[in-house]
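Please look over the sequence and the model shown here. The paragraphs after them walk through the fold, one region at a time.

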Amino acid sequence: MTKLLQIQLLGDFRVVYGDEPLTTLNAERPQSLLAYLLLHRSAPQSRQYIAFLLWPDSSESQARSNLRNLLHGLRQTLPDAHTFLLADTLTLQWNPAAPFVLDVATFDAALAQAEQATDPTEVQHHLETAIERYGGDLLPGNYDDWILALREELRRRQVDALYQLVECLEKAADYRAALRYVQRLLHQDPLDEAAYMLQMRLCALSGDRT
């Protein structure tokens with residue numbers, strides 16, 4: 001029976017199969033391939049295009065050979081790979097129906113639920129869930145061009161969620177909780193003037209005039 005695969009791409013890369021952490025996926029290229037397939041799991045992806053993304057400075061034949069070798073190694077190290085990886089001669093796809101949990105997907109889902117909710121308490125709950133799921137930047141040690149763009153997009157969405165949550169907490173007069181999330185904004189960007197202004201207003205509202 002295939003066990004649940006838990007994948008963390010935000011912050012430190014981590015994969016847990018059932019209750020066992022996998023320590024065989026520490027290299028950058030396997031992580032890049034896994035991340036690309038996971039984040040584009042809704043449709044089969046061209047092998048040729050993936051090879052170009054991962055080895056942009058190699059010849060087409062060399063890049064495709066590198067991808068074949070990488071895929072072979074991934075099949076050897078990923079438990080029940082045949083369940084999670086769908087492949088034919090032209091395409092690769094992460095099986096969206098396989099039993100897995102992806103932190104980026106839960107982050108996205110919580111933000112979508114917050115956007116659809118109308119009750120302020122529900123909005124706050126979903127925003128808190130999204131921020132909790134955001135464990136850090138997307139694969140921070142990887143500098144592939146496609147990852148850089150997506151990393152910035154996810155970071156921006158997380159910052160927007162933090163500001164929305166602070167606004168919710170301020171309206172609920174929970175100033176101390178709001179200040180904790182402002183601290184997270186300032187930790188990420190110590191030069192964020194809007195966050196400093198927000199911090200000062202919240203301190204004043206909470207009675208801390210100093």
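L139 sits in the loop between α6 and α7. Helices (H or I, at least four residues) and strands (E, at least two) are DSSP runs, numbered from the N terminus. L139 has a positive phi of about 35 degrees, although it is not a glycine. Is L139 buried or exposed? L139 counts as buried because its relative accessibility is 4%. Here buried means under 20% relative accessible area, exposed means over 50%, and partly exposed lies in between (1.4 Å probe, protein chains only).

This is a predicted model, in which local features need pLDDT of at least 70 and side-chain atom pairs count only at pLDDT 80 or more, while totals for chains, interfaces and linings use all residues. Residues are numbered from 1 along each chain as its sequence is written, and side-chain values use heavy atoms, with hydrogens and water left out.

A173 also has a positive phi, near 65 degrees, and is a residue other than glycine. A173 is placed in the loop between α7 and α8. With a relative accessible area of 45%, A173 is partly exposed.

Now step back to the whole chain. The secondary structure comes to nine helices and seven strands. The C-alpha trace spans about 65 × 40 × 30 Å along its principal axes. Of the 210 residues in the protein chain, 44% are buried. Contact means heavy atoms within 4.5 Å. Among contacts between residues at least 6 apart in sequence, 58% join residues at least 24 apart.

Turn next to helix α6. Its 14 residues should span 20 Å at 1.5 Å a residue, and its end C-alpha atoms are 20 Å apart, which agrees. The expected span is 1.5 Å times one less than the number of residues. At the start of α6, a side-chain oxygen of D119 comes within 3.0 Å of the backbone nitrogen of T121. The buried residues of α6 are V123, Q124, H126, L127, T129, A130 and I131. They pack against α5, α7 (145–171) and α8 (175–188).

At 15% relative accessibility, H126 counts as buried. Which residues does H126 contact, leaving aside its neighbours within four places in sequence? They are A110, Q113, A114 and A117.

Q45 belongs to strand β4 (residues 45–46). Q45 counts as buried, at 14% relative accessibility. A polar atom of the Q45 side chain lies 3.1 Å from the backbone oxygen of H40. Not counting residues up to four places away in sequence, Q45 touches Y36, H40, I50, L90, T91 and L92.

Finally, look for open space. Rolling a probe the size of a water molecule over the atoms shows where empty space is left. On a 1 Å grid over the protein atoms alone, a pocket is an open set of points where a 1.4 Å probe fits, with protein on both sides within 12 Å along at least five of seven lines; lining residues have an atom within 4 Å of a point. The largest pocket has a volume of about 200 Å³, the space filled by probe spheres set on the points. Its lining has 13 residues, of which Q6, I7, Q8, V101 and D103 lie nearest the centre. β1 (5–8), β2 (14–17), β7 (100–102), α5 (103–116) and α6 (120–133) each supply at least two lining residues. β1 gives the most, with three.

Conventions:
Polar contact = N/O pair within 3.5 Å; in protein donor to acceptor, adjacent residues only side chain to side chain.
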